[in-house]
Amino acid sequence: MSNWVVRLAPVAVHFFLLTSQVTEVSSLSPAQPASLSSRSNSKGSFAGPVSRRSTSLFGIRSTLARARDSLFSAERSDADLKSGIAFFYDRSSKLWEDVWGEHMHHGYYVPEDRTDHVQAQIDLIDEVLKWAYGAEDLAHIGPKRVVDVGCGIGGSSRHIVRKFPGSTAQGITLSPYQANRGNELAKEQGLSDRATFQVADALNMPFDDSSFDLVWSLESGEHMPDKRKFVNELMRVAAPGGRLIIVTWCHRDLEPGEASLSKKEEKILAKINRAYYLPKWCSVADYVDLLEKEGAVDIKREDWSYIIAPFWKAVIQSSLNLKSVIGLLKSGFSTVRGAYAMLLMLRGFNAGVIKFGLITCTKPVTSELPP
Amino acid sequence: MRLLTHNFLRSNVKGTENGYPLQIEVAALNYEESPVNKEFLLNILPKVNYPALRSAVQQISHRCEPTLPEIPENLDVSDTEGNEKLDDATIVKLHRVLLDVYLVEGWLVCPDTGRKFPVKDGIPNMILHEDEI
(Lines give C-alpha, C1' and ligand atoms only; values in the text may rest on other atoms or scores of the structure.)
Protein backbone atom coordinates (compact mmCIF):
# COMPACT_ATOMS: atom_id res chain seq x y z
CA MET A 1 0.00 0.00 0.00
CA SER A 2 1.42 3.36 -0.96
CA ASN A 3 3.02 5.52 1.66
CA TRP A 4 0.80 8.53 1.05
CA VAL A 5 -2.20 6.70 2.47
CA VAL A 6 -0.27 5.91 5.62
CA ARG A 7 0.70 9.58 5.95
CA LEU A 8 -2.57 11.26 5.03
CA ALA A 9 -4.81 8.90 6.90
CA PRO A 10 -4.02 10.39 10.33
CA VAL A 11 -5.27 13.81 9.25
CA ALA A 12 -8.61 12.52 8.08
CA VAL A 13 -8.95 10.12 10.96
CA HIS A 14 -8.07 12.73 13.56
CA PHE A 15 -10.80 15.02 12.32
CA PHE A 16 -13.26 12.17 12.35
CA LEU A 17 -12.24 11.17 15.86
CA LEU A 18 -12.80 14.64 17.26
CA THR A 19 -16.29 14.84 15.88
CA SER A 20 -17.26 11.29 16.72
CA GLN A 21 -16.16 11.36 20.34
CA VAL A 22 -19.10 13.50 21.35
CA THR A 23 -21.66 11.53 19.37
CA GLU A 24 -20.38 8.22 20.73
CA VAL A 25 -20.88 9.19 24.33
CA SER A 26 -24.45 10.26 23.81
CA SER A 27 -25.25 7.00 22.05
CA LEU A 28 -23.60 4.69 24.57
CA SER A 29 -26.08 2.22 25.97
CA PRO A 30 -26.39 1.99 29.73
CA ALA A 31 -25.10 -1.60 29.65
CA GLN A 32 -21.77 -1.20 31.36
CA PRO A 33 -19.06 -3.78 31.84
CA ALA A 34 -19.77 -5.74 34.98
CA SER A 35 -16.45 -4.67 36.44
CA LEU A 36 -17.75 -1.17 36.86
CA SER A 37 -20.80 -2.35 38.81
CA SER A 38 -21.82 0.87 40.40
CA ARG A 39 -19.09 2.23 42.43
CA SER A 40 -20.35 5.66 43.53
CA ASN A 41 -18.23 6.43 46.56
CA SER A 42 -19.57 3.88 48.96
CA LYS A 43 -17.94 0.68 49.97
CA GLY A 44 -19.69 -2.45 48.90
CA SER A 45 -22.99 -1.26 47.54
CA PHE A 46 -24.08 -3.02 44.40
CA ALA A 47 -27.10 -0.99 43.42
CA GLY A 48 -27.61 2.64 42.59
CA PRO A 49 -26.72 5.16 39.91
CA VAL A 50 -23.27 5.43 38.41
CA SER A 51 -21.01 7.99 39.95
CA ARG A 52 -20.52 11.09 37.89
CA ARG A 53 -16.96 11.47 39.01
CA SER A 54 -13.81 10.32 37.26
CA THR A 55 -14.82 6.74 36.45
CA SER A 56 -18.08 7.75 34.80
CA LEU A 57 -18.24 7.17 31.08
CA PHE A 58 -21.33 9.28 30.53
CA GLY A 59 -22.21 12.92 30.79
CA ILE A 60 -21.04 16.06 29.07
CA ARG A 61 -18.70 17.12 31.89
CA SER A 62 -16.81 13.84 31.81
CA THR A 63 -16.76 13.85 28.00
CA LEU A 64 -15.07 17.23 27.97
CA ALA A 65 -12.66 16.09 30.67
CA ARG A 66 -11.76 13.05 28.65
CA ALA A 67 -11.44 15.03 25.44
CA ARG A 68 -9.06 17.35 27.25
CA ASP A 69 -7.08 14.42 28.64
CA SER A 70 -7.05 12.94 25.16
CA LEU A 71 -5.66 16.12 23.68
CA PHE A 72 -2.88 16.25 26.22
CA SER A 73 -2.32 12.46 26.13
CA ALA A 74 -2.74 12.42 29.89
CA GLU A 75 -1.97 9.22 31.74
CA ARG A 76 -5.00 7.48 33.19
CA SER A 77 -5.49 6.49 36.81
CA ASP A 78 -5.40 2.75 37.53
CA ALA A 79 -9.15 2.67 38.15
CA ASP A 80 -9.90 4.46 34.89
CA LEU A 81 -7.47 2.16 33.15
CA LYS A 82 -9.20 -0.98 34.37
CA SER A 83 -12.68 0.19 33.49
CA GLY A 84 -11.39 1.60 30.22
CA ILE A 85 -9.78 -1.70 29.25
CA ALA A 86 -12.98 -3.61 29.93
CA PHE A 87 -14.96 -1.02 28.00
CA PHE A 88 -12.55 -0.95 25.06
CA TYR A 89 -12.52 -4.71 24.64
CA ASP A 90 -16.24 -5.09 25.25
CA ARG A 91 -16.68 -2.71 22.34
CA SER A 92 -13.90 -3.72 19.97
CA SER A 93 -13.66 -7.49 20.27
CA LYS A 94 -16.50 -8.25 17.91
CA LEU A 95 -15.08 -6.20 15.06
CA TRP A 96 -11.63 -7.63 15.59
CA GLU A 97 -13.04 -11.16 15.55
CA ASP A 98 -15.09 -10.47 12.39
CA VAL A 99 -12.01 -9.29 10.51
CA TRP A 100 -9.20 -11.25 12.16
CA GLY A 101 -10.72 -14.22 13.91
CA GLU A 102 -10.22 -15.60 17.39
CA HIS A 103 -6.58 -14.65 17.92
CA MET A 104 -6.00 -11.16 19.25
CA HIS A 105 -2.25 -10.99 18.89
CA HIS A 106 0.51 -10.48 16.33
CA GLY A 107 1.35 -12.94 13.62
CA TYR A 108 4.65 -14.66 12.96
CA TYR A 109 5.81 -13.22 9.66
CA VAL A 110 8.31 -15.72 8.42
CA PRO A 111 8.40 -15.42 5.44
CA GLU A 112 8.00 -11.66 5.66
CA ASP A 113 5.47 -11.41 2.87
CA ARG A 114 3.11 -14.15 3.97
CA THR A 115 -0.51 -13.24 3.68
CA ASP A 116 -2.17 -16.07 5.58
CA HIS A 117 -2.64 -13.88 8.62
CA VAL A 118 -4.71 -16.19 10.77
CA GLN A 119 -2.21 -19.02 10.31
CA ALA A 120 0.55 -16.53 11.11
CA GLN A 121 -1.16 -15.82 14.42
CA ILE A 122 -1.42 -19.52 15.20
CA ASP A 123 2.20 -19.98 14.21
CA LEU A 124 3.21 -17.28 16.66
CA ILE A 125 1.86 -19.32 19.56
CA ASP A 126 3.68 -22.43 18.34
CA GLU A 127 6.93 -20.59 17.73
CA VAL A 128 6.81 -18.93 21.13
CA LEU A 129 6.28 -22.29 22.81
CA LYS A 130 9.14 -23.80 20.80
CA TRP A 131 11.42 -20.95 21.75
CA ALA A 132 10.45 -20.97 25.42
CA TYR A 133 10.65 -24.69 26.02
CA GLY A 134 13.66 -24.99 23.76
CA ALA A 135 12.43 -28.20 22.18
CA GLU A 136 11.13 -29.05 18.75
CA ASP A 137 8.75 -31.72 19.88
CA LEU A 138 6.67 -30.24 22.62
CA ALA A 139 4.39 -33.22 23.01
CA HIS A 140 6.74 -34.60 25.65
CA ILE A 141 6.71 -31.44 27.70
CA GLY A 142 2.95 -31.25 28.22
CA PRO A 143 1.97 -28.68 30.82
CA LYS A 144 -1.22 -29.90 32.45
CA ARG A 145 -2.60 -26.75 33.99
CA VAL A 146 -2.29 -23.54 32.08
CA VAL A 147 -3.35 -20.03 33.00
CA ASP A 148 -3.88 -17.56 30.17
CA VAL A 149 -3.41 -14.13 31.70
CA GLY A 150 -5.24 -11.54 29.62
CA CYS A 151 -6.81 -14.17 27.42
CA GLY A 152 -8.78 -12.08 24.91
CA ILE A 153 -11.46 -14.35 23.50
CA GLY A 154 -9.36 -17.36 24.36
CA GLY A 155 -7.59 -18.18 21.11
CA SER A 156 -4.33 -19.10 22.82
CA SER A 157 -6.01 -21.16 25.53
CA ARG A 158 -7.93 -23.27 23.08
CA HIS A 159 -4.93 -23.77 20.84
CA ILE A 160 -2.72 -24.76 23.75
CA VAL A 161 -5.12 -27.31 25.23
CA ARG A 162 -5.48 -28.87 21.79
CA LYS A 163 -1.72 -29.08 21.59
CA PHE A 164 -1.13 -30.65 24.99
CA PRO A 165 -3.32 -33.68 25.61
CA GLY A 166 -4.93 -33.83 29.01
CA SER A 167 -4.30 -30.17 29.74
CA THR A 168 -6.74 -27.55 30.94
CA ALA A 169 -6.57 -23.79 30.65
CA GLN A 170 -8.12 -21.04 32.73
CA GLY A 171 -8.25 -17.69 31.00
CA ILE A 172 -8.82 -14.37 32.68
CA THR A 173 -9.84 -11.05 31.17
CA LEU A 174 -11.29 -7.79 32.43
CA SER A 175 -13.92 -7.86 29.70
CA PRO A 176 -17.16 -9.74 30.32
CA TYR A 177 -17.83 -9.77 26.59
CA GLN A 178 -14.53 -11.53 25.97
CA ALA A 179 -15.02 -14.10 28.74
CA ASN A 180 -18.43 -14.93 27.38
CA ARG A 181 -17.20 -15.16 23.80
CA GLY A 182 -14.28 -17.30 24.96
CA ASN A 183 -16.66 -19.79 26.58
CA GLU A 184 -18.92 -19.80 23.51
CA LEU A 185 -16.03 -20.54 21.17
CA ALA A 186 -14.77 -23.26 23.52
CA LYS A 187 -18.19 -24.86 23.39
CA GLU A 188 -18.32 -24.60 19.58
CA GLN A 189 -14.92 -26.24 19.33
CA GLY A 190 -15.76 -29.03 21.76
CA LEU A 191 -13.29 -27.75 24.33
CA SER A 192 -15.57 -26.36 26.98
CA ASP A 193 -14.40 -28.87 29.54
CA ARG A 194 -10.79 -27.89 28.96
CA ALA A 195 -10.73 -24.15 28.46
CA THR A 196 -12.76 -21.88 30.70
CA PHE A 197 -12.79 -18.14 30.97
CA GLN A 198 -13.64 -15.79 33.76
CA VAL A 199 -13.58 -12.09 34.50
CA ALA A 200 -10.70 -11.36 36.83
CA ASP A 201 -7.81 -9.00 37.40
CA ALA A 202 -4.32 -10.20 36.47
CA LEU A 203 -2.95 -8.15 39.35
CA ASN A 204 -5.13 -10.09 41.81
CA MET A 205 -5.74 -13.48 40.34
CA PRO A 206 -8.42 -15.62 41.99
CA PHE A 207 -6.17 -18.66 42.05
CA ASP A 208 -4.18 -20.40 44.71
CA ASP A 209 -0.39 -20.16 44.89
CA SER A 210 1.50 -22.67 42.77
CA SER A 211 -1.50 -23.69 40.71
CA PHE A 212 -0.18 -23.78 37.15
CA ASP A 213 2.61 -25.49 35.22
CA LEU A 214 2.42 -22.88 32.50
CA VAL A 215 1.72 -19.22 33.13
CA TRP A 216 1.05 -17.66 29.73
CA SER A 217 0.78 -13.97 29.02
CA LEU A 218 0.60 -13.13 25.33
CA GLU A 219 0.32 -9.41 24.65
CA SER A 220 -1.43 -8.55 27.87
CA GLY A 221 1.51 -7.31 29.95
CA GLU A 222 1.18 -3.96 28.19
CA HIS A 223 -2.04 -3.30 30.09
CA MET A 224 -0.66 -3.89 33.58
CA PRO A 225 -0.17 -0.62 35.45
CA ASP A 226 2.03 -2.17 38.10
CA LYS A 227 4.65 -4.39 36.46
CA ARG A 228 6.11 -5.46 39.78
CA LYS A 229 2.73 -6.65 41.07
CA PHE A 230 2.10 -8.33 37.72
CA VAL A 231 5.36 -10.30 37.82
CA ASN A 232 4.74 -11.09 41.48
CA GLU A 233 1.32 -12.56 40.65
CA LEU A 234 2.66 -14.54 37.68
CA MET A 235 5.30 -16.11 39.90
CA ARG A 236 2.86 -16.68 42.76
CA VAL A 237 0.47 -18.81 40.75
CA ALA A 238 3.24 -20.72 38.99
CA ALA A 239 3.94 -24.18 40.40
CA PRO A 240 7.52 -24.98 41.43
CA GLY A 241 9.24 -26.13 38.25
CA GLY A 242 6.53 -24.42 36.22
CA ARG A 243 7.24 -22.07 33.33
CA LEU A 244 6.35 -18.46 32.71
CA ILE A 245 6.07 -17.13 29.19
CA ILE A 246 5.59 -13.40 28.74
CA VAL A 247 5.25 -11.94 25.25
CA THR A 248 4.68 -8.23 25.34
CA TRP A 249 5.21 -4.83 23.80
CA CYS A 250 8.05 -3.01 25.51
CA HIS A 251 10.06 0.08 24.80
CA ARG A 252 13.70 -0.34 23.87
CA ASP A 253 16.19 -1.03 26.64
CA LEU A 254 17.71 2.15 27.97
CA GLU A 255 21.38 2.69 27.23
CA PRO A 256 23.75 2.84 30.18
CA GLY A 257 23.52 6.37 31.51
CA GLU A 258 20.09 7.00 30.03
CA ALA A 259 17.50 7.89 32.65
CA SER A 260 14.51 7.72 30.31
CA LEU A 261 13.41 7.70 26.69
CA SER A 262 13.61 10.89 24.65
CA LYS A 263 10.73 13.36 24.73
CA LYS A 264 9.79 12.46 21.17
CA GLU A 265 9.74 8.76 22.01
CA GLU A 266 7.64 9.37 25.13
CA LYS A 267 5.17 11.33 23.03
CA ILE A 268 4.52 8.51 20.58
CA LEU A 269 3.94 6.12 23.45
CA ALA A 270 1.70 8.53 25.34
CA LYS A 271 -0.62 8.82 22.32
CA ILE A 272 -0.74 5.06 21.88
CA ASN A 273 -1.50 4.68 25.57
CA ARG A 274 -4.60 6.85 25.29
CA ALA A 275 -5.88 4.77 22.39
CA TYR A 276 -5.16 1.34 23.79
CA TYR A 277 -5.67 1.98 27.49
CA LEU A 278 -2.06 1.29 28.36
CA PRO A 279 -0.08 2.46 31.35
CA LYS A 280 3.53 3.54 31.18
CA TRP A 281 5.72 1.15 29.23
CA CYS A 282 8.75 -0.65 30.52
CA SER A 283 11.60 -2.44 28.76
CA VAL A 284 12.41 -6.12 28.46
CA ALA A 285 15.37 -5.47 30.75
CA ASP A 286 12.93 -4.23 33.38
CA TYR A 287 10.99 -7.49 33.19
CA VAL A 288 14.19 -9.49 33.54
CA ASP A 289 15.11 -7.46 36.64
CA LEU A 290 11.70 -7.99 38.22
CA LEU A 291 11.78 -11.72 37.52
CA GLU A 292 15.25 -12.02 38.99
CA LYS A 293 14.04 -10.29 42.13
CA GLU A 294 11.18 -12.76 42.37
CA GLY A 295 13.62 -15.65 42.30
CA ALA A 296 12.92 -16.84 38.77
CA VAL A 297 15.61 -18.99 37.19
CA ASP A 298 16.78 -19.75 33.64
CA ILE A 299 15.55 -16.40 32.43
CA LYS A 300 15.74 -16.04 28.65
CA ARG A 301 14.85 -13.03 26.54
CA GLU A 302 14.40 -12.35 22.85
CA ASP A 303 13.42 -9.55 20.48
CA TRP A 304 11.02 -10.49 17.70
CA SER A 305 10.18 -6.98 16.53
CA TYR A 306 11.36 -7.69 13.03
CA ILE A 307 9.34 -10.91 12.85
CA ILE A 308 6.02 -9.33 13.74
CA ALA A 309 6.44 -5.89 12.13
CA PRO A 310 4.68 -6.89 8.86
CA PHE A 311 1.59 -7.55 10.98
CA TRP A 312 0.85 -3.82 11.39
CA LYS A 313 0.90 -3.12 7.68
CA ALA A 314 -1.43 -6.06 7.24
CA VAL A 315 -3.79 -4.79 9.94
CA ILE A 316 -3.85 -1.30 8.46
CA GLN A 317 -4.51 -2.65 4.99
CA SER A 318 -7.27 -4.87 6.34
CA SER A 319 -8.98 -1.84 7.85
CA LEU A 320 -9.00 0.00 4.53
CA ASN A 321 -11.77 -1.99 2.92
CA LEU A 322 -15.44 -1.08 3.02
CA LYS A 323 -16.58 -3.88 5.32
CA SER A 324 -13.99 -2.99 7.95
CA VAL A 325 -14.61 0.71 7.69
CA ILE A 326 -18.32 0.24 8.20
CA GLY A 327 -17.63 -2.07 11.08
CA LEU A 328 -15.28 0.51 12.55
CA LEU A 329 -17.77 3.31 12.25
CA LYS A 330 -20.37 1.17 13.96
CA SER A 331 -18.06 0.25 16.81
CA GLY A 332 -17.64 3.77 17.98
CA PHE A 333 -14.98 6.27 18.83
CA SER A 334 -12.74 4.17 20.99
CA THR A 335 -12.41 1.49 18.34
CA VAL A 336 -11.71 4.02 15.61
CA ARG A 337 -9.09 5.58 17.82
CA GLY A 338 -7.58 2.14 18.27
CA ALA A 339 -7.42 1.80 14.51
CA TYR A 340 -5.69 5.17 14.24
CA ALA A 341 -3.18 4.12 16.84
CA MET A 342 -2.03 1.33 14.56
CA LEU A 343 -0.30 3.98 12.49
CA LEU A 344 1.44 5.16 15.63
CA MET A 345 2.49 1.60 16.44
CA LEU A 346 4.03 1.27 13.00
CA ARG A 347 5.84 4.55 13.51
CA GLY A 348 7.07 3.38 16.89
CA PHE A 349 8.43 0.13 15.48
CA ASN A 350 10.13 1.94 12.60
CA ALA A 351 11.68 4.39 15.05
CA GLY A 352 13.08 1.56 17.14
CA VAL A 353 11.33 2.63 20.30
CA ILE A 354 8.72 -0.14 20.34
CA LYS A 355 9.93 -3.70 20.71
CA PHE A 356 8.11 -7.01 20.66
CA GLY A 357 9.74 -8.80 23.55
CA LEU A 358 9.73 -12.40 24.72
CA ILE A 359 10.72 -13.42 28.21
CA THR A 360 10.60 -16.88 29.72
CA CYS A 361 11.80 -18.42 32.96
CA THR A 362 10.95 -21.13 35.44
CA LYS A 363 10.01 -21.07 39.09
CA PRO A 364 12.59 -22.90 41.13
CA VAL A 365 11.64 -26.21 42.65
CA THR A 366 13.17 -25.51 46.05
CA SER A 367 10.75 -24.23 48.63
CA GLU A 368 13.01 -21.44 49.80
CA LEU A 369 12.49 -18.37 47.67
CA PRO A 370 13.95 -14.93 48.30
CA PRO A 371 11.55 -12.70 50.24
CA MET B 1 -19.43 -21.99 35.47
CA ARG B 2 -18.79 -25.63 36.15
CA LEU B 3 -17.84 -27.15 39.45
CA LEU B 4 -14.47 -27.96 37.94
CA THR B 5 -13.86 -24.24 37.50
CA HIS B 6 -15.28 -23.46 40.93
CA ASN B 7 -12.79 -25.92 42.38
CA PHE B 8 -9.90 -23.72 41.29
CA LEU B 9 -11.25 -20.30 42.22
CA ARG B 10 -10.49 -18.50 45.44
CA SER B 11 -11.06 -15.11 46.95
CA ASN B 12 -8.15 -12.70 47.27
CA VAL B 13 -9.92 -9.96 49.15
CA LYS B 14 -7.54 -8.03 51.40
CA GLY B 15 -7.47 -9.53 54.85
CA THR B 16 -8.58 -12.97 53.73
CA GLU B 17 -6.83 -15.74 55.60
CA ASN B 18 -8.18 -18.48 53.48
CA GLY B 19 -10.57 -17.52 50.72
CA TYR B 20 -11.25 -21.10 49.69
CA PRO B 21 -13.47 -22.79 48.90
CA LEU B 22 -15.98 -20.22 47.74
CA GLN B 23 -19.51 -20.91 48.86
CA ILE B 24 -22.12 -21.11 46.15
CA GLU B 25 -25.45 -19.31 46.11
CA VAL B 26 -27.58 -20.52 43.25
CA ALA B 27 -29.95 -18.32 41.30
CA ALA B 28 -30.04 -20.43 38.13
CA LEU B 29 -28.47 -23.78 37.37
CA ASN B 30 -28.16 -25.68 34.13
CA TYR B 31 -27.50 -29.35 33.63
CA GLU B 32 -26.39 -30.66 30.27
CA GLU B 33 -24.89 -34.10 29.83
CA SER B 34 -21.80 -34.41 27.72
CA PRO B 35 -19.76 -37.40 26.51
CA VAL B 36 -17.58 -38.86 29.24
CA ASN B 37 -13.86 -38.85 28.53
CA LYS B 38 -12.27 -41.19 31.06
CA GLU B 39 -8.71 -40.31 30.13
CA PHE B 40 -9.35 -36.63 30.59
CA LEU B 41 -10.98 -37.24 33.93
CA LEU B 42 -8.08 -39.35 35.17
CA ASN B 43 -5.75 -36.56 34.09
CA ILE B 44 -7.47 -33.84 36.04
CA LEU B 45 -8.63 -35.77 39.10
CA PRO B 46 -5.30 -35.41 40.93
CA LYS B 47 -5.63 -31.64 40.64
CA VAL B 48 -9.12 -31.52 42.08
CA ASN B 49 -9.68 -30.60 45.72
CA TYR B 50 -12.12 -33.37 46.54
CA PRO B 51 -13.58 -32.10 49.84
CA ALA B 52 -14.27 -28.77 48.15
CA LEU B 53 -16.01 -30.59 45.32
CA ARG B 54 -18.17 -32.54 47.80
CA SER B 55 -19.18 -29.40 49.64
CA ALA B 56 -19.95 -27.63 46.35
CA VAL B 57 -22.21 -30.49 45.31
CA GLN B 58 -23.99 -30.35 48.65
CA GLN B 59 -24.61 -26.64 48.26
CA ILE B 60 -26.20 -26.86 44.86
CA SER B 61 -27.86 -30.27 44.75
CA HIS B 62 -31.17 -29.07 46.13
CA ARG B 63 -31.53 -26.78 43.12
CA CYS B 64 -30.50 -29.23 40.49
CA GLU B 65 -33.01 -30.83 38.12
CA PRO B 66 -32.48 -33.73 37.59
CA THR B 67 -30.84 -34.60 40.88
CA LEU B 68 -27.10 -34.84 40.83
CA PRO B 69 -25.55 -38.30 41.15
CA GLU B 70 -24.02 -39.29 44.47
CA ILE B 71 -20.25 -39.17 44.37
CA PRO B 72 -18.14 -41.15 46.85
CA GLU B 73 -17.90 -39.58 50.28
CA ASN B 74 -14.15 -39.82 50.39
CA LEU B 75 -11.73 -40.14 47.57
CA ASP B 76 -7.98 -39.77 47.61
CA VAL B 77 -7.62 -38.19 44.18
CA SER B 78 -3.85 -37.97 44.47
CA ASP B 79 -3.70 -41.78 44.31
CA THR B 80 -3.45 -42.09 40.52
CA GLU B 81 -3.34 -45.87 40.67
CA GLY B 82 -6.46 -45.93 42.78
CA ASN B 83 -8.14 -43.57 40.33
CA GLU B 84 -7.42 -45.94 37.46
CA LYS B 85 -9.22 -48.67 39.38
CA LEU B 86 -12.42 -46.66 39.84
CA ASP B 87 -15.40 -48.37 38.24
CA ASP B 88 -17.08 -46.82 35.23
CA ALA B 89 -20.20 -45.85 37.13
CA THR B 90 -18.15 -43.71 39.52
CA ILE B 91 -16.22 -42.17 36.65
CA VAL B 92 -19.48 -41.15 35.01
CA LYS B 93 -20.78 -39.66 38.26
CA LEU B 94 -17.59 -37.65 38.75
CA HIS B 95 -17.77 -36.42 35.18
CA ARG B 96 -21.38 -35.32 35.55
CA VAL B 97 -20.68 -33.45 38.72
CA LEU B 98 -17.47 -31.78 37.56
CA LEU B 99 -18.40 -30.95 33.99
CA ASP B 100 -22.13 -31.19 33.33
CA VAL B 101 -23.56 -28.85 35.95
CA TYR B 102 -23.34 -25.14 35.27
CA LEU B 103 -24.00 -22.27 37.62
CA VAL B 104 -25.57 -19.80 35.20
CA GLU B 105 -26.58 -17.07 37.66
CA GLY B 106 -25.68 -16.75 41.29
CA TRP B 107 -22.94 -15.80 43.68
CA LEU B 108 -19.64 -17.14 44.88
CA VAL B 109 -19.14 -16.13 48.49
CA CYS B 110 -15.80 -15.70 50.22
CA PRO B 111 -15.84 -17.92 53.32
CA ASP B 112 -13.75 -15.38 55.26
CA THR B 113 -15.13 -11.98 54.41
CA GLY B 114 -18.54 -12.84 53.03
CA ARG B 115 -17.77 -10.86 49.89
CA LYS B 116 -20.03 -11.95 47.06
CA PHE B 117 -18.62 -12.41 43.56
CA PRO B 118 -21.38 -12.35 40.99
CA VAL B 119 -21.82 -15.08 38.39
CA LYS B 120 -23.65 -13.84 35.33
CA ASP B 121 -24.26 -15.82 32.12
CA GLY B 122 -22.12 -18.54 33.63
CA ILE B 123 -19.14 -16.24 34.05
CA PRO B 124 -17.78 -15.43 37.48
CA ASN B 125 -16.56 -11.89 37.93
CA MET B 126 -13.68 -12.04 40.36
CA ILE B 127 -12.52 -8.47 40.01
CA LEU B 128 -11.88 -6.83 43.35
CA HIS B 129 -12.97 -3.29 44.11
CA GLU B 130 -10.29 -0.70 44.80
CA ASP B 131 -10.76 -0.94 48.56
CA GLU B 132 -10.40 -4.72 48.64
CA ILE B 133 -6.95 -4.96 47.17
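Predicted model: local features only at pLDDT ≥ 70, side-chain atom pairs only at ≥ 80, totals over all residues.
Buried, in what follows, means under 20% relative accessible area. By that criterion R10(B), at 14% relative accessibility, counts as buried.

Let me begin with the salt bridge in which R10(B) takes part. Its partner is D208(A), and the N to O distance is 3.0 Å. This pair crosses between chains: D208(A) sits in the loop between strand 3 and strand 4 of chain A, and R10(B) in the loop between helix 1 and strand 1 of chain B. D208(A) counts as partly exposed, because its relative accessibility is 33%.

Within chain B, R96(B) and E33(B) form another salt bridge, with their closest N and O atoms 3.5 Å apart. R96(B) belongs to helix 5 and E33(B) to the loop between strand 1 and helix 2, so the pair ties together parts 63 residues apart in sequence. R96(B) is buried at 13% relative accessibility, whereas E33(B) is exposed at 52%.

I turn now to chain A. The axes of helix 3, residues 78-100, and helix 6, residues 176-188, come within 8 Å and cross at roughly 40°. Helix 3 is therefore oblique to helix 6. Among the residues making this contact are Y89(A) and E97(A) of helix 3, and Y177(A) and R181(A) of helix 6. By class, the contact has four nonpolar, two polar and four charged residues.

R181(A) also forms a salt bridge with E184(A), at 2.6 Å from N to O. Both residues lie in helix 6 of chain A, three residues apart, about one turn of the helix. R181(A) is buried at 17% relative accessibility, and E184(A) is partly exposed at 38%.

Over all chains, the structure holds 24 salt bridges.

How values were computed: Residues numbered from 1 in each chain as written. Chains lettered and ligands numbered in written order. Heavy atoms only, no water. Axes fitted to C-alpha atoms, helices over the stretch in contact; angles between N-to-C directions. Helix = DSSP H or I, 4+ residues; strand = E, 2+ residues; numbered from the N terminus. Parallel < 35°, antiparallel > 145°, perpendicular 65-115°, else oblique. Contact = heavy atoms within 4.5 Å. Nonpolar A, V, L, I, M, F, W, Y, C, P; charged D, E, K, R; others polar. Salt bridge = Lys/Arg side-chain N within 4 Å of Asp/Glu carboxyl O. Buried < 20%, exposed > 50% of the residue type's maximum accessible area, 1.4 Å probe, protein only.
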